[in-house]
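The following paragraphs guide a reader who meets this structure for the first time. They begin with a pair of helices and then turn to the surrounding elements.

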Amino acid sequence: MKNNYTRWQLTFLVALRFLIGWHLLYEGVAKLLNPQWSSVGFLKESQWILAGFADWVVTNPNILNTVDFLNTWGLIAIGLGLILGMCFRVAALSGFVLLVVYYLNCPPLVGIEYALPADGNNLIVNKTLIEAFALAVLALFPTSKILGMDALVDRFKIKKEEK
Amino acid sequence: MSDKKTDQGASQQENTGLNRDMKRRTVLKAMAGLPVLGLFGVGLLDKRNYDLSKKNSIIKDLGLDSLELPKSDYGQKKSQGELIRVGFIGFGTRGKQLSNALGFMHPDDVKTRQQKNTLNSWLEQEYLDVAITGICDVFDNHAENGLATAGNYTRPGGEAAPKLPVKRYRTYQEMLADKEIDAVIIATPDHHHARIATDAAKAGKHIYCEKSVALHEAELNELYETVKNSPVVFQLGHQIPQSVVFQQAKEIVKKNILGKITLIETTSNRNSANGAWVRHLDAKGNLKPGDETVIDWKQWLGAAPEVPFSVERFYNWTKWFDYDSGMIGQLFTHEFDAVNQLLRVGIPKSVVSSGGVYYWKDGREMPDSLHCVFEYPEKELTLMYSGNLASSRSRGRVFMGHDASMELGNNVIIHADSGSTRYREQIKSGAIDTRSPLLTYNPASQQIDAVSSASEKYYASRGLTTTTLNGRAVDVTHLHLREWLNCIRNGGTTSANIDMAFEEGITCIMAHRSYVEKRRMEWDEVNRRIV
């Protein structure tokens, strides 16, 4: 892929990609390593438009298990995709969707109070929402074909076309 | 901008020449994420080692690494054994709950559960090989509910369960005389418990009796002697110790993690009309159904002094001394049972109670604020109970030891004590932080958790609602009934057997009399009577 970024633009875009990737990968791995982890606690907190969905998940053990599984491995896959620059656009967009779902379950809106202590002080906007939008920005300013596994795939495609 | 130009130049060069050097550079660039992943792996290993070593050192120091949790066979047996035919004496609110726990549900409740999507979890409850074949209630509406419940075949066990006829009995004596009944569940108002249970034991019926076991010393003594000298299996309705959390707490106490326990504080707080036993009105504020045409009032009164029919007394009987002992009988009994199951404290040497009617001034006799102090000089500990019906502030149930305190609810939370002798070194070195739990027990994973994340610590303090066995959420009342039925079939002792019931009964009668008579009550161990 043609690199139209300046060195500084590329540096910070890739750094942001690594940082978010690292964060999501560890969130997934931590859940995987903790046999006690379940999304029940989080879903029980759900109060806004997804409260009905969360309730449905919590009351159906099979669905809950599926959600837990998808959540853990989804986070790991997205994290790896971001760090390695592999299937980057899919990873970034899935990450965006996942984080928006997290946000919509527990948005810090005026009048909604949560039992679980929040990380910092938030009004409507919180770090989950910011991270989601950062992922959307990364998807629009891709770097994986310059620094990442996707470059190999690209190169492979070019070669095929040349033949 | 100059940056951009050089970069673009470089990439143009890359695109024009396809030499080996270029390929190598592409591969190198493609691998840019690998060092990051390597760093991640190093960090992860480091964190994992740190967590494990911290967890292991605390668990080892406490001797919890060899902790053995009892394995449950719940849900593993297909059939429990021979069918047991159960009769219900009293089918009010508690009777309904007990029938659900036994595996029976009223068709209306089945519909409600279907709508709420909670029916399946109930249907997955273990089939106990029982049939409700008799209902006895002095109130026609309750009796009809009971008949509809017993005859509903939407239940665990399903179509395979035997379909036996259900009979309504006008008096409990008729039911006890019937050979078609093997066991009875007594869920009447409290003033009937001891008499019905005694008669049931005499008739050779197994007994599951709701608390409180008795209101007077004489009837308790008679019940105790009768059950002791008969082969029937007796279970008092204290389902809380069926929770796996309790077995865990027992192990923790056995391992002496708390040090010497000298004070146990138990509490109950409620703050609603229903919680204060104002129950004669429905949700819209209308009087609930019931008059002398559908209620056998004379039978309802039983041995209690004769008074004219009153819907209020019928529904709110807990407010009067003739029928109950209020917070002691309804709430403290559970607290006492919890403590007695864990420490087997038995009957206290002395009890002092104090309180009054301070909020619910509706003509009741029963105090709405009540505090009792139970002394155990031989065991060198004090048990306190404090109940209030006009504030719902949760105060928990705490066992206070010299080295640590244990809060026991739907889970176990243990805090090391800053003045502890045993943990002095670890507290000094920072290995133990007295501000956060030393141990929590998560019943869902059946694992001791020494170091957990902030949110897990938080959930531990909030507690869970049902107990978890082999990965399934299970109603504790169901387990309590199951234990009773297992003992009927296979022998063995129930957890709330007649000895436990006697100790609890005497303790409660002492506490109640202390409040009523405004004096300190003592237990004469030699003559086995209250003085």
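**A walk through the predicted model**

The crossing of helices α11(B) and α14(B) is right-handed. Helix α11 of chain B spans residues 244-254 and helix α14 of chain B spans residues 326-343; their axes come within 9 Å and cross at roughly 50°. At that angle, α11(B) and α14(B) are therefore oblique to each other. On the side of α11(B), the contact involves B:F246, B:A249, B:K250 and B:V253, which meet B:Q341, B:L342 and B:L343 of α14(B). Sorted by class, the residues of the contact of α11(B) with α14(B) comprise five nonpolar, one polar and one charged.

In an unreviewed entry, UniProt annotates residues 247-343 of chain B as "domain: Gfo/Idh/MocA-like oxidoreductase bacterial type C-terminal". Over residues 247-343 of chain B, the chain is 37% helix and 9% strand, and the end C-alpha atoms are 12 Å apart.

UniProt lists residues 85-238 of chain B, in an unreviewed entry, under "domain: Gfo/Idh/MocA-like oxidoreductase N-terminal". The span of residues 85-238 of chain B is 42% helix and 17% strand, with its end C-alpha atoms 22 Å apart. A further feature, "transmembrane region", is placed by UniProt (unreviewed entry) at residues 27-45 of chain B. In the model, residues 27-45 of chain B are 89% helix and 0% strand, and the end C-alpha atoms of this span lie 28 Å apart.

Attention now turns to a sheet in chain B. In what order do the six strands of this open sheet lie? The order is β3-β2-β1-β4-β5-β6 (chain B), and the pairing is parallel. The edges are formed by β3 (167-169) and β6 (234-236) of chain B, each of which pairs on one side only. On average, and with direction ignored, neighbouring strands of this sheet are turned by 25° against each other. Within the sheet, strand β1 (residues 84-89) of chain B runs parallel to strand β2 (residues 130-136) of chain B, and six bridges join them. One bridge can be located through B:R85, whose partner in β2(B) is B:A131.

Helix α4 (residues 93-102) of chain B lies across β1, β2 and β4 (183-186) of chain B and runs at about 165° to β1(B). Helix α17 (residues 476-490) of chain B lies across β1, β2, β4, β5 (206-209) and β6 of chain B, running at about 165° to β5(B). The residues of the contact of α4(B) with α17(B) divide into four nonpolar, three polar and no charged.

Other strands of chain B can be followed through strand β10 (residues 381-388). Strand β7 (residues 261-269) of chain B runs parallel to β10(B), and seven bridges join the two; B:T266 stands opposite B:Y385 in β10(B). Strand β9 (residues 369-376) of chain B runs antiparallel to β10(B), with eight bridges between them; here B:S369 stands opposite B:N388. β9(B) and β10(B) form a hairpin with four residues between them, and B:E380 in the turn has a positive phi of about 55°.

Strand β8 (residues 350-356) of chain B pairs with β18(B) in the antiparallel sense over two bridges, and B:S350 has B:E522 as its bridge partner. β18(B) also pairs with strand β19 (residues 529-530) of chain B, again antiparallel and over two bridges, with B:D524 opposite B:R529. Four residues lie between the strands in the hairpin of β18(B) and β19(B), where B:R528 takes a positive phi near 50°.

Two details of the backbone complete the tour. B:K211 and B:S212 are joined by a cis peptide bond, with omega about -5°; B:S212 lies in the loop between β5 and α10 (217-228) of chain B. In chain A, A:C87 has a phi near 45°, a positive value in a residue other than glycine, and its place is in the loop between α4 (61-84) and α5 (88-105) of chain A.

Methods. Residues numbered from 1 in each chain as written. Chains lettered and ligands numbered in written order. Predicted model: local features only at pLDDT ≥ 70, side-chain atom pairs only at ≥ 80, totals over all residues. Pairing = 2+ DSSP bridges. Axes fitted to C-alpha atoms, helices over the stretch in contact; angles between N-to-C directions. Contact = placed C-beta atoms within 7 Å. Parallel < 35°, antiparallel > 145°, perpendicular 65-115°, else oblique. Left-handed = near helix turned anticlockwise from the far one by under 90°. Nonpolar A, V, L, I, M, F, W, Y, C, P; charged D, E, K, R; others polar. UniProt positions renumbered as here; feature names shortened; annotations may be inferred.
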